Amino acid sequence: MSGRTILRVARAVFKESVRDRVLYNLVGFAILLIGASFLIGQLTAGQDVKIIKDLGLAAMSVFGLFIAIFIGIGLVSKEVERRSVYSLLAKPVRRSELVIGKYAGLLLTVAVNLAVMAAVYYGVLGYMSWSESEAFKRGWEAPAADPRLLIAVYLVFVQLALVIAIALFFSTFSTPMLSAAFTFGLFIAGHFGADLKNFEVVVGDSPVRYLTTAIYYLLPDMAAFDVKTAVVHAQPVTAGYLAVTTIYGAVYAATLVAAAVLIFSRRDFK
Amino acid sequence: MHPAIATDRLTKDFPVGFWRKRPYRALDGLTLDVSPGEVFGFLGPNGAGKTTTLKLLMQLIFPTSGRAFILGRPVGDLSVRRRIGYLPENPYFYDYLTAEELLTYFASLFDLRGADRRARVSSLLDEVGIGGERRLQLRKFSKGMVQRVGIAQALINDPEVVFLDEPMSGLDPLGRRDIRELILRLRERGKTVFFSSHILSDAEALCSRVAILAGGRLAATGKLTELLAYEVRGWELVVTGIAADALERFSPPITKVTPIADGRYVLEVRADAQPAGLIGELASAGASIVSLNPVHTTLEEIFVSKVQAAGSAREGALA
């Protein structure tokens, strides 16, 4: 496998997706956040920074998810459907390089997207900090432009890396609509994994218990990546937790990308 | 020397049906050789298996059985793809890249860099007639312009063998002429061109050899001159300086007399007649000979007869 080819495919995906939807996405995010900060500043007293911190992280997650799913599901299936893959695969490009390049390209897009959103986020928080009096700021749990918020942004990124892998996996053998439904379904189900684990309390020692436990371990644990509440309330997130969660996300995503490569390499383009 | 393209009993089945899948044979035991430097026309009606063959050669689909080689190497070999170019049928590229960016991207996959790459991209876009539009995103391109970009991308690596699937489709008459001239230039540069088409006049104008595919099977193959000269249907003689009633005297060999301008007549002569003897007799009756041409079976007639024969053979086999 050639790293250079993967990089070239990735660069083309990045260029295309930035022009496709990412710009609108970023403008949408900026308008939402700046608009909300002014509005909330008018309505609440003392809590506005916390609300903006929460809202900003949630919006980054949702807007990032939008990019990851809606570009991710089309990464391979759109190429196949529109037959652009034909000319590409007649070049010295292995199918595995194409799939991994596509993944890397979207990962880069999402990373840049998150970085720009984080810059807007810190800009708004910095402005809020600058415009408030020192006496007022003493009531805050943490400074407005708290660098620890980046931990939550980082884990949103790891989560999106996993979401892209899920979308890519489904898009190697399914239509964009179905891939979107499957990916979104897994994303939602992944947030409720803990309920599945606790199901054993309800069902006792029946075989259903083994089934729910198996599903719990198979489903991606999306809740693990969500430390937004903790960082907004200035609670610590340990380095150990960050490392384990990163490895979990990376291994899960790598397995899905490997499966996508396997499926895509054997596929006939009718 | 290896053939530029060789297939050996290449066969492809596609599963059809929703519940109980049955195999449908799209290509049935195709064995074919194309020599280096040839312009080879791969002809057949829609659904004959032309695109299936091209996809097998490009490894976009995998054969059920049989083998295929390009430049002496198996088609799966990545090194082969450095030396070939491919234009898919009705090509489609990335909406948000410009023509220039697309070609730059594809050129980079062949390790072309810097000034070389820029020069190659620019000269190819000139060659296929994309001017100022090269900086427009491809979603703004018409079908004919996308086809031109498709041809440019197939030539980006200066390939030894070029595969063109229906290269004239979607082009206006001017565009078709441009592509025809481009294929001729490729031939002059010693490239092998393998193109599929159902437009026979293109094949007649360009190809040194053709294969006719029907119902997934090879119905005929050979040099165009052989296929066409094979069946001389008669002769066409243009004469002047003789009256129409004088011509009636020659009526067994001459089957039809058609007057054209300025006292000239077109005479249709039977295939078994000896034109030399007839010319002598006409000359002695005072006629001047303007031209004499054999009337060949056209490629279209050969095509229709082969395709119909293949169709009835297939029906017979199924019955």
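Helix 3 and helix 4 of chain B meet through a defined set of residues: B:Ala99, B:Glu100, B:Leu103, B:Thr104, B:Ala107 and B:Ser108 on helix 3 are in contact with B:Arg117, B:Arg120, B:Val121, B:Leu124 and B:Leu125 on helix 4. Contact here is a matter of C-beta atoms, placed from the backbone, lying within 7 Å. Helices are DSSP runs of H or I with at least four residues, strands are runs of E with at least two, and both are numbered from the N terminus. This is a predicted model, in which local features need pLDDT of at least 70 and side-chain atom pairs count only at pLDDT 80 or more, while totals for chains, interfaces and linings use all residues. Residues are numbered from 1 along each chain as its sequence is written, with chains lettered from A and ligands numbered from 1 in the order in which they are written.

As for geometry, the axes of helix 3 (residues 99-108) and helix 4 (residues 114-127) of chain B come within 10 Å and cross at roughly 130 degrees. Axes are lines fitted to C-alpha atoms, for helices over the stretch in contact, with angles running from 0 to 180 degrees between N-to-C directions. Helix 3 and helix 4 of chain B are therefore oblique to each other, given that angles under 35 degrees count as roughly parallel, over 145 as roughly antiparallel, 65 to 115 as roughly perpendicular and the rest as oblique. The crossing of helix 3 of chain B past helix 4 of chain B is right-handed, meaning that the near helix is turned clockwise from the far one by less than a right angle.

Chain B as a whole holds eleven helices and 14 strands, and its C-alpha trace spans about 75 × 55 × 40 Å along the principal axes. Of its 319 residues, 38% are buried; a residue is buried if 20 or more other C-beta atoms lie within 10 Å of its own, exposed if 12 or fewer, and partly exposed in between, with C-beta atoms placed from the backbone. Among the contacts of chain B with a separation of 6 or more, 70% link residues 24 or more positions apart.

Then there are the strands. One open sheet in chain B has four strands in the order 2-1-4-5, paired antiparallel; strands pair if DSSP finds at least two bridges between them. Strand 2 (22-34) and strand 5 (73-74) of chain B sit at the edges with a single partner strand each, so one side of each is left without a neighbour in the sheet. Strand 5 of chain B is held to strand 4 (residues 65-70) by two bridges, the two running antiparallel, and B:Phe69 is found opposite B:Pro74 of strand 5. Elsewhere in chain B, strand 11 (residues 232-240) pairs antiparallel with strand 14 (residues 288-296) over eight bridges, with B:Gly234 bridged to B:Val295 in strand 14. Strand 11 of chain B also pairs antiparallel with strand 13 (residues 264-270), over seven bridges, and B:Leu237 stands opposite B:Leu267 of strand 13.

Chain A has eleven helices and zero strands. Its C-alpha atoms fill a box of roughly 70 × 55 × 30 Å along the principal axes, and 38% of its 270 residues count as buried. For contacts in chain A between residues at least 6 apart in sequence, 82% join residues at least 24 apart.

Helix 11 (residues 239-265) of chain A has 27 residues, which at 1.5 Å a residue should span 39 Å, and its end C-alpha atoms agree at 38 Å apart. The expected span is 1.5 Å times one less than the number of residues. Buried residues of helix 11 of chain A include A:Gly249, A:Leu256 and A:Phe264, and the buried residues of this helix pack against helix 2 (48-81), helix 4 (95-131) and helix 6 (149-171) of chain A. In helix 6 of chain A, 20 of the 23 residues are buried, so this helix is largely enclosed by the rest of the structure.

A:Arg209 lies in helix 9 (residues 207-218) of chain A and, with 15 C-beta neighbours inside 10 Å, counts as partly exposed. Beyond its neighbours within four places in sequence, A:Arg209 is in contact with A:Glu200 and A:Val203.

Note on methods
Two residues are in contact if their C-beta atoms, placed from the backbone, lie within 7 Å.
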